[in-house]
Amino acid sequence: MPGTVQAIERAAAILRTLAGGPGRLGLSEIARTLDLAKGTTHGILRTLQLVGFVEQDRVSGQYQLGGALLHLGTSFLDINELRSRSINWADPLAARSGQAVRIGTVLEGQVLVVHHVFRPDDTFQTLDVGALLPLHATALGKVLLAYRAGGPAADLETFTRRTLTDPRTLAVALDGVRESGWAFEVDEFLIGQAAVAAPIRGYGGLVVGAIGISGPVERLCDSHYRPLPRLVTYVRDAARAISRDLGATR
Amino acid sequence: MTEKYVLAIDQGTTSTRCIVFDRRGQLVSLAQQEHKQYFPRPGWVEHDAMEIWRNVERLAPRVLRRAGIGLDQLAALGIANQRETTVIWDRRTGVPVGRAIIWQDTRTDALVHSLAALSASSEISEISGLPLATYFSGPRLRWMLDHTPGLRARAERGEVLCGTMETWLIWNLTGRAQHVTDVTNASRTMLLDVRGLDWSPRALDFFGIPRAMLPTVRPSIGGFGTASEAFPGVRIGAALGDQQAALFGQTCFTPGEAKCTYGTGSFLLLNTGAELVHPGNGLLSTVAYQIAGAPAVYALEGSIAITGSLVQWFRDQLELISSAPEIETLARTVADNGGCYIVPAFSGLYAPYWRSEARGVIVGLTSYITKGHLARAVLEATAWQTREVVDAMNANSGLTLTTLKVDGGMTADNLLMQMIADVLDVPVVRPLAVETVSLGAAYAAGLAVGYWPDLDGLRRNWHIAGQWMPAMDPALRDGEYANWRRAVERTFDWIQPA
């Protein structure tokens, strides 16, 4: 069978064995069932454990299917976990850029804001954690769309004259996001507001969220309405730092 | 023109960290090294002070390299340290006499009980502002003198020196030239006259501590000499206990300003100004900081033993969540606690009750209760415990808390922060500063050498990163608080005298 990856076949066999078993299974039992070397089996089990597909009982050391398998279709990373792991990088991003920082994930076709750091100027601001933003009209949303299988929704709502509402134009923009590794918005959601965002990646490079800054167009962009390179660098550095903490480069 | 920076050494319970800050108070680089925890017997916790000093030496080049700066670019260094941890060492060789005894160590339990029986003990509490407890350094010093053959005689002859961790580090940093402590650390020994700000002869006599082994007490912010080791040529501008450093890093410079650091346990400190507030309701009086040439600023401190550790218990012992942040996800699956309350009196209750015979309870259980309700009750326990400490502080100080500044790992939990704002009925504010302990040490050191001009200059660096406004119906709040207090009463008298 040319073009198949043996380790993945074996991993699938291990998962089926665990799913078909009476409950928890020990390492030797699994290795014996599949006629695999113990060392090989252990290596695969450890990797499966790392991605949450397999759990090991602390007392007996036996293995069972992991909770992540049950939620394969929904969220990969708990949103509160994502906030907790990002907070130390979101603060310096706000301090360096002088702008508000938001972290978002996808929830039912929209961007769910899971973390928000105020613009550090001590003006009155309100936390909008839990707010929902449109995917196609925001920098955060475009990042999340760009790294998601399947296209955006059919009817793209118009927020301003600059909102990308033509699916083909949006598709071209998303190609650009994948190519450059970051996204921006200028006057597309709110008039006078610009934003820059970059992907946060977890294990295996999977995009689990986006982090970005937003603020007045004149603060974020040059005279050609292009985001200032310095700010783009800050955003991408923060995204990379969080991804590294989440194990993206492993 | 080369840019200047300030360095903080945060000598904590599990690790030592060196952090470089810039003029805006932003973190430039960080280097960290954990040290070994020794548990020779139940209730005993020790550190190797020499290992900790070696770690500082090792971290010095690392943190400078990561910042891409040279020693000449450090305007000053400041120290924040784990409090009440005590070490004795040989003045000539510089070698510690045994390991450092850590603040968590309870080996002085019997000693403290016998000392408490003496009639002079209330006078010592009055002088030091502290209740007689195993928590503080004085009893620990006495224990070491009692249990190390020949040590008392050597101490009387001035052959051995003692100190808390900042004293040990400064002595080593200055090439053994400075044997000094700062007032905040000294105020946690029970040996300091907390009003006169020097060692109390009455207290030294009570604990049997020879004056010759003690460091000189200095203001927290001023001069502790110039380093000749690890960071040669850099001025040591400040030293503070870690919780006091967090108070300073949060720029709580005005009476009535308070911060709470939410970690495994939580520490709420309230600035009470130049007045020492007579402690009561299970609170402690402590020195917040002292700038050289100015009067000391005092604080009331309320400690909560179990906050983050209740979430850890929920994760590790009940296994209802797989990571601490998931407590919020689980708690949000329900709208309220369903009538369920958890009081985590795992080893008795601290402020404001101080009942060692109390044990934890879960009350209000019905068949309706789900793990979501339990998760909510876990978070609410931290909120209500904060409320009890704040109430005690308001009653004690005559000040009314108007805003609570928060820091620490649990501030990532938005639901908890909202609960705290709701039950306190004041805004809860998280600053744009991840490392308030280190930042406080850096601020204090920078202030000492004129890197920052004044306290107002530091305040301008403080920015709000997040704010939670109270939004709870007052009637609901009162009802829930009454329920919480009834739940607390259920914990009393659980451990029966043998």
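**Reading one residue and one interface**

A: Two residues are in contact if their C-beta atoms, placed from the backbone, lie within 7 Å. Leaving aside residues up to four places away in sequence, Thr16(B) touches Ile9(B), Gln11(B), Gln33(B), His35(B), Ile52(B), Asn55(B), Val56(B) and Leu59(B). This is a predicted model: local features need pLDDT of at least 70, side-chain atom pairs count only at pLDDT 80 or more, and totals for chains, interfaces and linings use all residues. Residues are numbered from 1 along each chain as its sequence is written, while chains are lettered from A and ligands numbered from 1 in the order in which they are written.

Q: Is Thr16(B) buried or exposed, and why?

A: A residue is buried if 20 or more other C-beta atoms lie within 10 Å of its own, exposed if 12 or fewer, and partly exposed in between. Thr16(B) is buried because it has 25 C-beta neighbours inside 10 Å.

Q: In which strand is Thr16(B) found?

A: Strands (E, at least two residues) and helices (H or I, at least four) are DSSP runs, numbered from the N terminus. Thr16(B) belongs to strand β2 of chain B, residues 15–21.

Q: How many residues of chain A are in contact with chain B?

A: On chain A there are 18, and they meet 17 residues of chain B. Ten residues of that side of chain A, the largest share, come from α5(A).

Q: What confidence does chain B carry?

A: The predictor's confidence in each residue, pLDDT, runs from 0 to 100. Chain B has a mean pLDDT of 91, with 99% of its residues at 70 or more. The model scores ipTM 0.79 and pTM 0.83.
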